Amino acid sequence: MNKILWVDDEIDLLKPHVMFLVLKGYDVDTCNNGYDAVEMVGATAYDLVILDEMMPGMTGLETLPLIKAARPSLPVIMVTKSEEENIMDKAIGSKIADYIIKPVNPNQVLLSIKKNLHSQQLVTEQTTADYRSEFGRIAAQQQSASTFADWCNLYRRLVGWEIELAGSSDRSISEVLSYQKHEANQEFSKFVRRNYYDWINRRTAEEEIPVMSHTLMRRRIFSEVDSSSKTTLILIDNMRYDQWRTIEPMLRGYFDVKVDDFYCAILPTATQYARNALFAGLMPLAIDRLMPERWLNDNEDGGKNQYEEEFLRRLVSQSGKNYRMTFDKLVRPEAGRKLLDNMQRIYDADFSVIVYNFLDILSHARTETDIIRELTDDEAAFRSLTRSWFEHSELYTLFKMLSERGHKVIVTSDHGTIRVDNPVRVTGDRETSANLRYKTGRNLAYNARDVYEVLRPEDVQLPSGRLTSSYIFAYNRDFLVYNNDANKHIRYYKNTFQHGGISMEEMIVPYVVLQAK
């Protein structure tokens with residue numbers, strides 16, 4: 001039972017209101033002055049205080065800070081006869097939870113109490129009921145999905161419910177949603193398996209081929225740059241749609257969302273392949289053939305993303321564009337601070353590109369660091385940590401500075417990531433790639449039903465390090481482990497975030513265009 005203190009110098013006249021709350025299940029104490037109120041709050045753990053603003057002796061506004069000093073988190077509803085703006089400002093500035101104008105209506109008081117004591121419970125109950133009624137419609141949408149756009153719409157819907165239900169105490173409904181998303185990913189994997197070869201080789205109707213990593217610049221980004229005097233592309237490495245949804249509300253005061261869409265990351269959904277393809281406007285096989293000195297295969301030593309700026313400048317030139325460009329890749333915090341100190345070069349450019357690597361670092365840190373693992377136990381916790389990072393990051397400051405200068409900002413990623421929990425065993429030689437979501441090598445052994453296999457890499461425009469190399473890709477929440485020390489690797493990597501394979505989280509990448517307010 002919630003315990004309430006009602007403070008009013010005319011409390012005897014309010015007995016019917018007090019009895020109304022008692023009948024609604026509340027335990028209500030009363031007093032008629034601020035001095036007693038402060039003493040009672042210090043002695044009793046109240047859940048809420050209703051405080052009259054106009055009282056003789058010590059007013060409500062004088063009583064309020066003393067109550068807050070004793071119980072900082074205690075919600076206080078101010079009751080006032082005055083509608084003067086300065087009274088409201090003082091009350092709100094003192095962090096009241098709500099205010100009510102006299103004469104007091106008992107239902108109005110009850111509504112304010114519910115808003116402050118039960119809002120989370122009521123929202124959770126209603127959200128749970130809404131999802132239960134939506135379950136069948138989502139299932140039907142999954143069954144009818146036949147295009148990439150259909151899957152984007154379904155993914156958007158599922159992520160929306162995931163965020164809505166994140167605070168729910170009803171474990172069963174969270175488990176139902178998790179199962180529905182798992183089932184959707186199974187079907188999405190089959191969809192990709194049926195269509196990927198045709199997309200890459202343009203063997204299907206043009207309108208059915210999604211915008212992909214290697215076509216994003218030409219089909220989407222260049223037209224945005226052409227239509228604006230100043231455009232900044234911010235590519236946040238390894239960012240999923242749910243993480244974007246987490247940070248987007250913080251930008252609403254600075255930008256209007258002009259485009260809220262997706263594109264399809266190529267396979268493997270790994271930085272070496274997807275991001276090089278994005279900036280080069282070419283599939284990895286074409287990069288390897290046209291610029292062999294600029295491509296390193298998985299089994300070769302060296303940085304795999306050293307030439308992104310060169311790739312982009314080549315693509316811009318070949319596309320007949322004459323942009324004044326800047327390109328920055330931010331891997332360490334000091335690089336972000338240095339960029340903020342030199343923003344004039346960004347302001348002067350027609351097209352500025354900023355690659356921000358923090359989320360990829362965070363994802364890997366979660367695998368390797370116990371404390372980060374504990375802080376990001378599930379997707380909801382991972383989103384929460386993402387929001388906390390963004391709120392205190394140089395990247396957030398960068399967004400605000402670009403808004404002040406009226407820049408159009410394009411936000412996207414190179415691929416997403418998925419939390420894996422189902423090991424799939426493979427064997428390979430020592431030159432087999434190490435990634436847990438895809439493998440490439442000469443002597444791979446596996447159950448073909450468990451993976452998407454590409455025996456001839458050139459069929460999907462991927463380079464082959466050796467003539468006999470092939471690729472395999474993990475589906476859904478699977479991860480690929482070697483038979484040697486399999487149990488050790490399963491314990492270490494289970495429930496970690498990985499990328500490189502086939503899932504909605506990895507392949508359906510947010511693409512957002514923001515216009516400064």
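A residue is called buried when its relative accessible area is under 20%, exposed when it is over 50%, and partly exposed in between, using a 1.4 Å probe and protein chains only. At 24% relative accessibility, Gln 461 therefore counts as partly exposed.

Before going further, here is how to read this structure. It is a predicted model, in which local features need pLDDT of at least 70 and side-chain atom pairs count only at pLDDT 80 or more, while totals for chains, interfaces and linings use all residues. Residues are numbered from 1 along each chain as its sequence is written, and side-chain values use heavy atoms, with hydrogens and water left out.

## The whole protein

Let us start with the overall picture. The protein has 21 helices and 18 strands. Helices (H or I, at least four residues) and strands (E, at least two) are DSSP runs, numbered from the N terminus. The C-alpha trace spans about 90 × 50 × 40 Å along its principal axes. Of the 517 residues, 53% are buried.

Contact means heavy atoms within 4.5 Å. Among the contacts with a separation of 6 or more, 74% are between residues 24 or more positions apart.

Ala 335 and Ile 11 are 324 residues apart in sequence and 62 Å apart in space, C-alpha to C-alpha. Ala 335 belongs to helix α14 (residues 333–341), and its relative accessibility of 23% makes it partly exposed.

## Aromatic rings

A pair of aromatic rings is described by the distance of the centres and the angle of the planes. Rings of Phe, Tyr and Trp (its six-membered ring) pair if their centres lie within 6.5 Å; planes under 30 degrees apart count as stacked, over 60 as edge-to-face and the rest as tilted. By this rule there are 27 aromatic pairs.

One of them joins Phe 148 and Trp 199, which are edge-to-face, at 6.2 Å centre to centre and 85 degrees between the planes. Why does this pair tie together parts that are 51 residues apart in sequence? Phe 148 lies in helix α7 (residues 148–164) and Trp 199 in helix α8 (residues 171–200), so the pair links those parts of the chain. Phe 148 is buried, with a relative accessible area of 7%, and Trp 199 is buried too, at 3% relative accessibility.

Now look at Phe 255 and Phe 399. Their ring centres are 6.2 Å apart and their planes stand at 85 degrees, so this pair is edge-to-face. Phe 255 lies in strand β7 (residues 255–264) and Phe 399 in helix α19 (residues 394–404), so the pair ties together parts that are 144 residues apart in sequence. Both Phe 255 and Phe 399 are buried. These two rings also belong to a cluster linked by ring pairs, together with Tyr 254, Tyr 356, Trp 389, Phe 390 and Tyr 396.

Charges can meet rings as well. A charge sits over a ring if NZ of Lys or CZ of Arg is within 6 Å of the ring centre and within 35 degrees of the ring normal. The table lists two examples.

| Charged residue | Ring | Distance to ring centre |
|---|---|---|
| Arg 294 | Tyr 307 | 4.3 Å |
| Lys 400 | Tyr 396 | 4.1 Å |

## A cavity

On a 1 Å grid over the protein atoms alone, a cavity is a set of points where a 1.4 Å probe fits but cannot get out, and lining residues have an atom within 4 Å of a point. Grid points are joined across faces, edges and corners, and a volume is the space filled by probe spheres set on the points.

How many cavities of 30 Å³ or more does the structure hold? There is 1, and the largest cavity has a volume of about 120 Å³. It is lined by 14 residues, of which Asn 299, Thr 440, Gly 441, Gly 465 and Ser 469 are the closest to its centre. By class, the lining has 3 nonpolar, 6 polar and 5 charged residues. Here Ala, Val, Leu, Ile, Met, Phe, Trp, Tyr, Cys and Pro count as nonpolar, Asp, Glu, Lys and Arg as charged, and the others, Gly among them, as polar.

## Backbone details in loops

The peptide bond from Lys 102 to Pro 103 is cis, with omega near 0 degrees. Pro 103 sits in the loop between β5 (98–101) and α5 (106–117). Another cis peptide bond runs from Leu 267 to Pro 268, with omega near -10 degrees, and Pro 268 is in the loop between β7 and α11 (271–280).

Asn 238 has a phi near 70 degrees, a positive value in a residue other than glycine. Asn 238 lies in the loop between β6 (231–236) and α10 (241–247) and is buried, with a relative accessible area of 1%. Gln 461, from the opening, also has a positive phi, near 60 degrees, and is found in the loop between β14 (451–454) and β15 (470–474).

Key: 1 Å grid on protein atoms, 1.4 Å probe; cavity = no way out; pocket = protein on both sides within 12 Å on 5 of 7 lines; lining within 4 Å.
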